[in-house]
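Let's take a friendly walk through this structure together, one region at a time. Keep the model open beside you as you read.

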Amino acid sequence: MSDWKAIAAKKKAKQQALIPKEWILKLDDIPIGADVSRVPETCGLMTVIEIQITNSDVDDLLEKLAAGEWSSVLVTTAFYKRAIIAHQLTNCLTEIFVERALFRAAELDDHLRKTGAVIGPLHGLPVSLKDQINIKGLESCMGYVSWVGTYAERNSVLTDILDNAGAVLFVKTNVPQTLMWSETFNHVFGRTSNPYNRSLTSGGSSGGEGALVAMRGSPLGVGSDIGGSIRIPAAFCGTYGLRPSYGRVPYAGCVNSLEGQDSVASVLGPLSNSLSGIKMFMKAVIDARPWLKDPLAVRKRWSDDEYNLVDHGNGKNLCFAIMWDDGLVVPHPPIIRGLEVVKKALLNAGHEVIDWKPLKHAEMFKCLHDIWAAGAAEDFEVVTAVTGEPVIASMDLNDEISAVGKHEEHNNATVVIPGVSAYDLWQTHRQKRILREEYLQLWEDTIQITGTGRAVDAIISPAAPYTAIRHGKNNTAQYTMVWNLLDYSSLVLPVSRVDPEIDRVKAPHNFYNQKDKANYDLYNPADFANAPISVQLVGRTCEEEAVIAMGEIVVAALKRQ
């Protein structure tokens, strides 16, 4: 065993030792393609009250915690147990520090008993964090063997804000090596699977968060998103997930790939099983005035006017535009059905729905590739050189370890190519600006066809051309990446599940290109059975409040169906 393999094995064994022996599951009888989402409730390890707690949404949890009906120790213990069960089934965790979390929970309970007041808006609520978000004294190896044994010297800005808001941080979650993948696998912790069908991927790069939240092992998680890394796991795992605009949530103090690449930057954002969790996270973070702690945080307070949709007809008679496909790859039948279900629900609720015609998505896709790939190879090689760990070049089950330089466009959000000159990179940045200007004008011009006197209120699009897919086959992030380039606030909403009897193969269409045909040929309903169906609601830059509010309108319309 080479040195890097020994380091990885030691770290994984250390993690395994943190699982209480009495909570270890017998996994031999669970098929690889099984739906394990309800195993925590049927395995016999959780009490009735623990199941009730972990099935509660964030607003209900916070209400009971503030009233003292449930203690933070009780709630944290319940989610800790469910997280450990979820981890054994999906391999979603990295760092487990529950003793530290329970100490904090006890402090919060003591404060509430003595003062009758909560510490902050997230008082007593367990919150999970993507591995890259630093907590003082803990590791953030981010899937790199080279970073195992490196302990954070201080909290990230977001960690401090969540702690001051009363949150109880209790686990960190798995990521792909380099973060620049839309699946989740690394040499240290291995591969994360989808709770609804373990033969399918949980997505990436926040795949650990997606799986954990979907398993209700955490009521609220924090991921990051540079090209879809919150939204793809949320869509694949059937949770809510918000990609905020640059700087709305502070990033300072986190570890990351492509440090210094600020043209299309990564952002932090929430995943939750309820929109109340998304809203409460965003409001709590923004109310903490993060711009006083992170120089790149946007100085923009939470706006109740924007949440009440004052710029969108106060939420009455909204006009949504559905992007059925991006002009490059036509989505699979379940995704089209999801869009049709949303359209019908919105029309029945009295809103307008028109079609969205995408503009230059191929150009935006290429622009993003060129920006990220300009220094990606060197970035990855510098980090992995410390231990000689190979850079993972494929997420395929049969090709988990490959040499750097073999990344292929169809398997990765970042094509690893030789670096480019500064001048060439500036031209790419210029092209990005032009594309943003053109898309803004496209959006503004819709005022002529909406019938509301306003431009389109929001776009509804696929989050991917398919639902959760078999490991190693998630071959594009193009349905999410474009909104990163445009810096549009984007929210994933769960709609349904794949039903092979309903979501049958359709007759071939006129294919846009070979990639479109390959995607069509990929669809076999049985392979996608039970996978969540989700859509993506897209607003404009820094419209998080409005996007959340419009998401609530869509969810309410769906519930009335």
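How do the residues of the lining of the largest pocket divide into nonpolar, polar and charged? There are 15 nonpolar, seven polar and three charged residues; here Ala, Val, Leu, Ile, Met, Phe, Trp, Tyr, Cys and Pro count as nonpolar, Asp, Glu, Lys and Arg as charged, and the others, Gly among them, as polar. Of the 25 lining residues, Tyr251, Asp262, Ala265, Ser266 and Leu296 lie nearest the centre of the pocket. A pocket is an open set of points on a 1 Å grid over the protein atoms alone, where a 1.4 Å probe fits, with protein on both sides within 12 Å along at least five of seven lines, and lining residues have an atom within 4 Å of a point.

A word on the source: this is a predicted model, in which local features need pLDDT of at least 70 and side-chain atom pairs count only at pLDDT 80 or more, while totals for chains, interfaces and linings use all residues. Residues are numbered from 1 along each chain as its sequence is written, and side-chain values use heavy atoms, with hydrogens and water left out.

Now to the helices (DSSP runs of H or I, at least four residues, numbered from the N terminus). Two packed helices are described by the angle between their axes and the distance between the axes. Helix α5 (residues 72-90) and helix α6 (residues 98-115) have axes that come within 8 Å and cross at roughly 155°; α5 and α6 are therefore roughly antiparallel (over 145 degrees). Axes are lines fitted to C-alpha atoms over the stretch in contact, and angles run from 0 to 180 degrees between N-to-C directions. In contact (heavy atoms within 4.5 Å) are, among others, Val73 and Tyr80 of α5 with Leu102 and Asp109 of α6.

Compare helix α7 (residues 157-164) and helix α10 (residues 275-287), whose axes cross at roughly 105° and are therefore roughly perpendicular (65 to 115 degrees). Leu158, Ile161 and Leu162 in α7 meet Phe281, Ala284 and Val285 in α10, a contact of six nonpolar residues with no polar and no charged ones.

Helix α15 (residues 478-486) is largely enclosed by the rest of the structure, because nine of its nine residues are buried (under 20% relative accessible area, 1.4 Å probe, protein chains only). Just after α15, Asp487 takes a positive phi of about 60°.

Most residues other than glycine have a negative phi, and most peptide bonds are trans. Asn91 has a positive phi near 60°, and a cis peptide bond joins Gly204 and Ser205.

Note on methods
Helix = DSSP H or I, 4+ residues; strand = E, 2+ residues; numbered from the N terminus. Parallel < 35°, antiparallel > 145°, perpendicular 65-115°, else oblique. Buried < 20%, exposed > 50% of the residue type's maximum accessible area, 1.4 Å probe, protein only.
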